[in-house]
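Hi,

Here is the structure I promised to pass on. Have a look at it first, and my notes on what turned up follow below.

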Amino acid sequence: AVDGEVHPCFVLNNKGVFYLYYFIPDSVFERMKGRSFPEGCEISKEDLIYLKVKHYGFDGEVHVGELVVSRKMSNVVSDIFTDLFNIKYPIEKIRLIDEYDADDEASMKDNNTSAFCYRKIAGSEKLSMHAQGLAIDINPLYNPCVSYKDGKVSKVEPKEGEQYIERDPSDPRRIKRDDPCYRIFIDYGFTWGGDWKTKKDYQHFEYSK
């Protein structure tokens, strides 16, 4: 039973590190409604799953975080965060974006790692990969999304991440091509926003299978 609900699909993943729920508990969904899951959301609640994940914080201690992702990649995400945990990869915090009223800028500014949030791509009617539960942003303050115009930086998200644009190889919090975080996500079928041409979204991994 979870939050008073009896459900057969509540399991500890096969590597013994994370709890994966093949549903969203009512208490969690109440936190999401009107925030990451707004009225008129075109994604079905049944297409999403909820995970509780262990991770090492910047303080070197073990913490427990929460993620909502697409059912399509539930086992993959469980294995990814197991592998990150096993190499003690530092992730400052993993909270549902609902704790920030689904405000992506506020979540990024607080360096919060998150996944599902129903929203459209800025300036378009197309759903973002986050809206489909198919993308994860890792340590976004230290891995900002950088837009360019005429070869110059035109926008940094979050703006507080401007000082972290450069990929300093001595800073383990900054994701770089072929570093451990990059390698783990790529090996599980994700693509990295840091490889994009028109902008560099260093925090962003999306499921491409």
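Predicted model: local features only at pLDDT ≥ 70, side-chain atom pairs only at ≥ 80, totals over all residues.

Strand S10 and strand S12 (residues 204–207) run antiparallel and are joined by 3 bridges.

S10 and S12 belong to an open sheet of 3 strands, ordered S7-S12-S10, with antiparallel pairing. Its edges are strand S7 (135–137) and strand S10 (190–192), each of which pairs on one side only. On average, neighbouring strands here are turned by 25 degrees against each other, ignoring direction. Helix H2 (residues 74–86) packs on this sheet and touches S7, S10 and S12, with its direction at about 60 degrees to that of S10. Helix H4 (residues 180–187) packs on the sheet as well, touching S7, S10 and S12, and its direction makes about 140 degrees with that of S10.

Asp179 sits between strand S9 (152–157) and H4. Which side chain of opposite charge is nearest to Asp179? That is Lys176, 4.1 Å away. The cut-off for a salt bridge is 4 Å, and Asp179, although buried, has no salt bridge. What the Asp179 side chain does reach is the backbone nitrogen of Tyr182, at 2.8 Å.

There are also two hairpins to look at:

- S3 and S4: strand S3 (residues 48–56) pairs with strand S4 (residues 62–70) in the antiparallel sense, over 9 bridges. Val53 has Gly65 in S4 as its bridge partner. The hairpin has 5 residues between the strands, and Gly60 takes a positive phi near 80 degrees.
- S8 and S9: strand S8 (residues 145–149) pairs with S9, again antiparallel, over 5 bridges. Tyr148 stands opposite Val153 in S9. With 2 residues between the strands, this hairpin has Asp150 at a positive phi near 55 degrees.

On to the charged pairs. How many salt bridges are there? The count comes to 17. Here are some of them:

- Glu92 and Lys93 meet through their side chains at 4.0 Å, N to O. Glu92 is partly exposed at 30% relative accessibility, while Lys93 is buried at 13%. Both are part of a salt-bridge network that links Glu92, Lys93, Arg95 and Asp110.
- Arg119 and Asp104 have their closest N and O atoms 3.7 Å apart. Arg119 lies in the loop between strand S6 (112–113) and S7 and Asp104 lies in helix H3, so this pair ties together parts that are 15 residues apart in sequence. Arg119 counts as partly exposed, at 23% relative accessibility.
- Arg173 and Asp171 form a salt bridge at 2.9 Å, N to O. Arg173 is partly exposed at 25% relative accessibility, whereas Asp171 is buried at 7%.

Last one: Ser107, in helix H3 (residues 104–109). Is Ser107 buried or exposed? Its relative accessible area is 1%, so Ser107 counts as buried. Leaving out residues up to four places away in sequence, Ser107 touches Ile97, Tyr100, Asn112, Ser114 and Pro140.

Cheers

Conventions: Residues numbered from 1 in each chain as written. Heavy atoms only, no water. Helix = DSSP H or I, 4+ residues; strand = E, 2+ residues; numbered from the N terminus. Buried < 20%, exposed > 50% of the residue type's maximum accessible area, 1.4 Å probe, protein only. Contact = heavy atoms within 4.5 Å. Pairing = 2+ DSSP bridges. Axes fitted to C-alpha atoms, helices over the stretch in contact; angles between N-to-C directions. Lys, Arg positive; Asp, Glu negative; His and termini not counted. Polar contact = N/O pair within 3.5 Å; in protein donor to acceptor, adjacent residues only side chain to side chain.
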